[in-house]
Amino acid sequence: MKIEVNLLEGQQLKASFGEHEIISDQSVAAGGKAEQPEPFDYFLASMPLCAAFYMRKFCQQRDISTEGLKVVQNNENLSEDNPYKKKITLSVTLPENFPKKYNKAILAAANTCTVKKVIQALPEFDISIV
C-alpha cells in the first residue's frame, strides 16, 4: 500500500491512502495545536483496533453478541535508558453472556492481529531521497 504524506498548516500532516485520509498534529509543547492525534498515537491505537476487529469477527461467526466487548490497551515503558522499549498490554472485557468455552479461542483470535504480527516480525525500513 502506498501512503502519501503532505504538510498542512502548523505541525499538521495529512496521510492519504486509497480513499482515506488521516490528519495528525503535534502537542502544543512540540509546536502544534493538539487538534489531532500525534502520529505515534495512531500507531499505538492500531493494535487494540486490530485485535478488537478479530474478536468481533470471532463472535459474529458464532452468533455471539458483542455488546459489552471492550479492549483497553496500556503502554508501559520498560527502560529508562530506552524510551522505545515498551510493554503493550491488552485487557479484554467480554460480553456478559460470553460462553466460557471460547475464552482461549477469542484470545487466539485477538493474537492473529496483523498489526501485532508485523511488529513482531521486526519490519525493515528504508528512507531515501527520490
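These legends accompany close-up views of a predicted model.

**View 1. The disulfide between C50 and C113**.
Welcome to the one place to look for a sulfur-sulfur link: a search of the whole structure turns up 1 disulfide. C50 and C113 form this bond, with their sulfur atoms 2.5 Å apart. The torsion about the S-S bond is about 130°, so the disulfide is right-handed. C50 sits in helix α1, while C113 belongs to the loop between α2 (103–110) and α3, so the pair ties together parts that are 63 residues apart in sequence. Both partners are buried: C50 has a relative accessible area of 12%, and C113 has one of 0%.

**View 2. C59 and its distance to C50**.
Here is a cysteine to compare with the pair above. The closest cysteine sulfur to that of C59 is in C50, 15 Å away, which is too far for a bond; a disulfide calls for sulfur atoms within 2.5 Å. C59 is buried, with a relative accessible area of 0%.

**View 3. A34, a residue with positive phi**.
Phi of A34 is near 55°, a positive value in a residue that is not glycine. A34 lies in the loop that runs between β3 (20–24) and α1 (39–61). With 49% relative accessibility, A34 counts as partly exposed.

**View 4. L122, in the segment after α3**.
Our last stop is another backbone torsion. L122 is not a glycine, yet its phi is positive, at about 50°. The residue is found in the segment that follows α3 (114–120). L122 is exposed, with a relative accessible area of 67%.

Terms used:
Residues are numbered from 1 along each chain as its sequence is written. This is a predicted model: local features need pLDDT of at least 70, side-chain atom pairs count only at pLDDT 80 or more; totals for chains, interfaces and linings use all residues. Side-chain values use heavy atoms; hydrogens and water are left out. Helices (H or I, at least four residues) and strands (E, at least two) are DSSP runs, numbered from the N terminus. Buried means under 20% relative accessible area, exposed over 50%, partly exposed in between (1.4 Å probe, protein chains only).
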